[in-house]
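Hello,

Here is the structure I promised to pass on. My notes follow below it.

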Amino acid sequence: MAKVKTSFFCQNCGSQYSKWQGQCTSCKEWNTIVEEVIQKEDKTSWKSSSSSIQTVSKSQLISDISSQSEIRINTCNKELNRVLGGGLVPGSITLLGGEPGIGKSTLMLQIVLQIGTTTLYVSGEESAQQIKMRAERIQSDSKSCFILTETKTQNIFKQIEEIQPRIVVIDSIQTLHSDYIDSSPGSISQIRECATELIKFAKETHTPVILIGHITKDGNIAGPKILEHMVDTVLQFEGDRNHVYRILRSQKNRFGSTNEIGIYEMLGKGLKEVANPSEILISKNEEGLSGTAISATIEGMRPLMIEIQALVSTAVYGTPQRSTTGFHVKRLNMLLAVLEKRAGFKLGAKDVFLNVTGGITVDDPAIDLAVVAAVLSSNVDIAIDKSLCFSAEIGLAGEVRPVTRIDQRIKEAEKLGYSSIIISKHCKVSNKDHKIGIIKVTKVHDVVRHLFG
Ligand code: TYD
Ligand code: MG
């Protein structure tokens, strides 16, 4: 019998070492190096179980290679198609990551049920009955979707050869294991081996494979970072589990832009695509409430109108609280400091709570002005005119700074019926036909004067 071979792997970054050490030299993490049994063989299960498809690669002139860019598989889901850059590319490997319970399995099951061609959904986490119950819940049935509850890649490939699916979904890559590696499922070497086998299968048969991946506490895809390097596309499904909205983002895409996002709503019967996100993210309060402001932001490539709510109250305890959802608390602290220093508002002894409605996290700096407006409005308890919205960044000197793609933002605000938008004076508005009133300001002071006289 061959000697058992072991090696040491960092569970954080996947680096391989010949002996144990306390700190990983490549990612600098402590106590992440674990011994794993490896048994390298020259063959992988996909090759060995389907000898007929073995090919030897030959070099060819780039001008002779036929382009297949137009052949995309329509997933019958507009938001997913948009994020993928027009549909699934044959032979591509897509990794879908997201927190537990966010809806990864639901989304993928919906896709395989809708698509209408032969699909295979491999689950290592749920039983066939559980998947059937989920399918009943999302009220979708299909005559061409096969379910397989299996975790051994060799058996999965046997089934694949039998039913010849056009799309394969693996739920999840962390549950798979290959016979050629002795370590347990979810370990670095298993994940790497199983992914390699699946990639080989996808490239040789031009079948797109979607892998569902778990993520760690810090939001990274669990297991090795190398998994992200190996696949063609990395999608992240995110949102607040207590809210209904979910955002699908692409972090890496070899076949399209990473700027696109897809928006879904989690309902009792599955995920619903949201075509006009701006309309749902704004509450329909008739009477004006103090402390709310609307911001014209851009998420990915899409303009999005978002409502900001602030509550400013006198601090009861010694240290005032600052708490935010969907916005960086450090950025809020900076904006409060700017208001104190540049606009004379004494907020140092006040509690400030900030909320981006809909459970969405916003990174776009254009939200700054709306945050400031909401905080000031709550502070003086005067509501902001409901037909007004904001789009600008605030600098440390209290200056109102321009933001990118202002025309797109103005157009979205106009489409949703706002009558005026406050932007920076330095913004270059190229389209002169906007019907909406454009108010240009240079300093935070000007905004205060405009809002509260
Ligand atoms: P799931 O797809 O199992 O999450 P993941 O695979 O990312 O771990 O999603 C489970 C959650 O979604 C669960 O908390 C219940 C909710 N859900 C709905 O609200 N409506 C539905 O129709 C379904 C199927 C699930
Ligand atoms: Mg799941």
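In β11, G262 is the bridge partner of L248. Strand β10 (residues 245-253) pairs with β11 in the antiparallel sense, over five bridges. Strands count as paired if DSSP finds at least two bridges between them.

Please note that this is a predicted model: local features need pLDDT of at least 70, side-chain atom pairs count only at pLDDT 80 or more, and totals for chains, interfaces and linings use all residues. Residues are numbered from 1 along each chain as its sequence is written, chains are lettered from A and ligands numbered from 1 in the order in which they are written, and side-chain values use heavy atoms, with hydrogens and water left out.

β11 also pairs with strand β12 (residues 270-273), antiparallel, over four bridges. There M266 stands opposite L271. Five of the seven residues of β11 are buried (under 20% relative accessible area, 1.4 Å probe, protein chains only).

Now the ligand. A backbone N or O atom of L267 lies 2.7 Å from a nitrogen atom of ligand 1. For G268, a backbone N or O atom is 2.9 Å from a ligand 1 oxygen atom. Alone, ligand 1 exposes 560 Å², and the protein buries 75% of that (Shrake-Rupley method, 1.4 Å probe).

Which elements give two or more residues to the shell around ligand 1? They are α3 (104-114), α4 (128-137) and β11 (261-267). The largest share, three residues, comes from α3.

Best wishes

Methods
A polar contact is a pair of N or O atoms within 3.5 Å; within protein, one must be able to donate a hydrogen and the other to accept it, and residues adjacent in sequence count only if both atoms are side-chain atoms. Buried means under 20% relative accessible area, exposed over 50%, partly exposed in between (1.4 Å probe, protein chains only).
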